[in-house]
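Student: I have a model open and would like to work through it with you.
Tutor: Good. Let us take it step by step.

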Amino acid sequence: MKTTIDIPDDDLKEAIKYTGAKTKREAVVYALKDFNRRRRLAKLAKMLGTFKDFMTQDELKTMREDKKWEKRK
């Protein structure tokens, strides 16, 4: 989707520098994806520790070991 926006030159130059982007578009797309990823992670972090019936570390280890055994058969 084409969109025209006014981005301050200093901010755009800094984004290009930090992202290693070769174009303005690449820098903006990278920044948007990174922003969205960070928001999703923040949302997940809020849920941390809220799963009541989740597996323990020992149960997870046992399950993984059982799956490895099934693949070998």
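**Pocket and helix packing**

Student: Which residues line the largest pocket?
Tutor: This is a predicted model. The pocket has a volume of about 390 Å³. Its lining consists of Met 1, Lys 2, Thr 3, Ile 5, Ile 7, Leu 12, Lys 24, Arg 25, Val 28, Val 29 and Leu 32.

Student: Where does the largest share of that lining come from?
Tutor: By class, the lining has seven nonpolar, one polar and three charged residues. Five residues, the largest share, come from residues 24-47, helix H2.

Student: Are H1 and H2 roughly parallel or roughly perpendicular to each other?
Tutor: H1 spans residues 9-19 and packs against H2 with the axes 9 Å apart. The angle is about 80 degrees. Angles of 65 to 115 degrees count as one class, so the two helices are roughly perpendicular.

Student: Which residues of H2 make the contact?
Tutor: By class, the contact has six nonpolar, one polar and one charged residues. H1 contributes Leu 12, Ala 15, Ile 16 and Thr 19. H2 contributes Lys 24, Ala 27, Val 28 and Tyr 30.

Student: Which element has the lowest mean pLDDT?
Tutor: The chain mean is 88, with 90% of residues at 70 or more. H1 has the highest mean among the elements, 96. The lowest, 77, belongs to residues 57-72, helix H3.

Conventions
Residues are numbered from 1 along each chain as its sequence is written. This is a predicted model: local features need pLDDT of at least 70, side-chain atom pairs count only at pLDDT 80 or more; totals for chains, interfaces and linings use all residues. Side-chain values use heavy atoms; hydrogens and water are left out. On a 1 Å grid over the protein atoms alone, a cavity is a set of points where a 1.4 Å probe fits but cannot get out, and a pocket is an open set with protein on both sides within 12 Å along at least five of seven lines; lining residues have an atom within 4 Å of a point. Grid points are joined across faces, edges and corners, and a volume is the space filled by probe spheres set on the points. Helices (H or I, at least four residues) and strands (E, at least two) are DSSP runs, numbered from the N terminus. Ala, Val, Leu, Ile, Met, Phe, Trp, Tyr, Cys and Pro count as nonpolar, Asp, Glu, Lys and Arg as charged, and the others, Gly among them, as polar. Axes are lines fitted to C-alpha atoms, for helices over the stretch in contact, and angles run from 0 to 180 degrees between N-to-C directions. Angles under 35 degrees count as roughly parallel, over 145 as roughly antiparallel, 65 to 115 as roughly perpendicular and the rest as oblique. Contact means heavy atoms within 4.5 Å. pLDDT is the predictor's confidence in each residue, from 0 to 100.
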